[in-house]
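I open this notebook to record what I looked up, step by step. The entries begin with the whole chain and then turn to particular places.

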Amino acid sequence: MTQPEQAAETDPDAAKPDTEQTVAGMTRSAMEAAAMAGRQVAGNLSGPDALALLRGGELTVVGRLLAASNATFFCMASGPVGGSGAVIAASCVYKPIRGERPLYDFPDGTLACREVAAHALSQASGWDIVPPTVMRDGPFGEGMVQLWVETDESANIAALLDSDSPALRRIAVLDAALNNADRKGGHLLPLSNGHIQGIDNGLCFAVAPKLRTILWRWRGQKLTDEECDVLARLRDSLSGELGEDLASLLAPEEISATERRIGALLVHGRLPQPDQNRPAVPWPPY
Ligand SMILES: Nc1ncnc2c1ncn2[C@@H]1O[C@H](COP(=O)(O)OP(=O)(O)O)[C@@H](O)[C@H]1O
Ligand SMILES: [Mg+2]
C-alpha cells in the first residue's frame, strides 16, 4: 500500500483536497459555510451581470432552506462574468416549480412566474426592490432563480417598520401595484447600505384585490409626485415592453388587472386603505 492511500484510510480529511467538488474555485465546504452564514460570495455584482449569471451560469445546489414554505434551495450560479470573462460564483435561491406547495387562491405551478414578473415591475419602477430574478431550468426542473441578498444583521426590521423609511414606503407603493398578498416582515431584507429589498413575491398579480401587508403605515396618504411618475411609467410600459415581458409569465387578465390597478391608484392619488371585508395583514406577519 502506498503512503497516500494509507493516509486516506487513517485520516478521512487527508483525501479531501483532491476529491472535493469545486465551483469557481470554491470548495463544497466553503459553499456550505456561505449557506450557513447567508453570505453573498460574489461581492457586488451589477444588475445586468447578475441577471446574465443567473440565466446562463451553472447551478449547483448547496442545501435546502428549511424556513421556506416551498421547496427552496440555496445555490451557487457560476460562470464567466463581465468583459474579463473571469469565472465567478454567486449565491442564489432556486425555487423549482415542481416544489411549489399548492394554494387554494392561486393557480398551481405559477408562483415562480409571479416572482419573475414582480422583478420585471421592480426593474421598470427603477426602485430596485426585488433582487435580480430569472426563470430557467435547474437540477429539479424549471423554476425561478434569484440573487441572494446578504442582509445587515444589525438592522432592526421592527424599528424600521415603526419609522418613516422611504425604502419601505416605496415597497408599499409597488406592492399596491403588484397586489401583493403576502408582504411579511421576514420578506423585507435590509442591506448594509440602508436600502431594503422585498423577496418572496409569489403571491402577486391576482385579478381580485388581495393586498395583504404589514406596510400600512402610509395608508390613505397622498402619493408623491415621484410615486405618481413611477406609477404612470409602469402603466404606460404595461402596454409596451413590460407588457411583452409579462406575457409569458402571467395570464392576460392578470396583466390587464395590473394596468387597471395602477390606473386606479393614479386616479385616486393615494396609497390604499385596508379592506374591511378581508384579512389585510398576512399571517403570520413575520
Ligand atoms: N434572495 C434572497 N436573499 C436572501 N435571503 C433569501 C432570498 N430568498 C429567500 N431568502 C431567505 O430564505 C427564506 C425562505 O425563502 P422564501 O422566499 O420565503 O421561500 P418560500 O417561497 O418557500 O416561502 C426567506 O425567509 C429568507 O430568509
Ligand atoms: Mg416564504
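What percentage of the 286 residues in the protein do buried residues make up? I note first that the model is predicted. Buried residues account for 39% of the 286 residues.

**Entry: overall form.** I looked up the secondary structure and found ten helices and nine strands in the protein. The radius of gyration is 21 Å, close to the 19 Å given by the globule rule for 286 residues, so the protein is as compact as a globular protein of that length. I then took the extent of the C-alpha trace, which spans about 80 × 40 × 40 Å along the principal axes.

**Entry: contacts.** I considered the contacts in the protein with a separation of 6 or more, and 70% of them join residues 24 or more positions apart.

Entry: I turned to strand E6, residues 133-136, and strand E7, residues 143-147. These strands pair in the antiparallel sense over four bridges. Within this pairing, I found Gly143 in E7 as the bridge partner of Arg136. Six residues lie between the two strands of the hairpin, where Gly141 takes a positive phi near 95 degrees.

**Entry: the ligand shell.** Which residues come nearest to ligand 1? I found 17 residues around ligand 1, of which Ala68, Ser69, Asn70, Val149 and Asp200 come nearest. I also sorted the shell around ligand 1 by class: nine residues are nonpolar, six are polar and two are charged.

Note on methods:
Residues numbered from 1 in each chain as written. Chains lettered and ligands numbered in written order. Predicted model: local features only at pLDDT ≥ 70, side-chain atom pairs only at ≥ 80, totals over all residues. Near = placed C-beta within 6 Å. Nonpolar A, V, L, I, M, F, W, Y, C, P; charged D, E, K, R; others polar. Rg over C-alpha atoms; globule rule 2.2 N^0.38 Å. Buried ≥ 20, exposed ≤ 12 C-beta atoms within 10 Å, placed from the backbone. Contact = placed C-beta atoms within 7 Å. Pairing = 2+ DSSP bridges.
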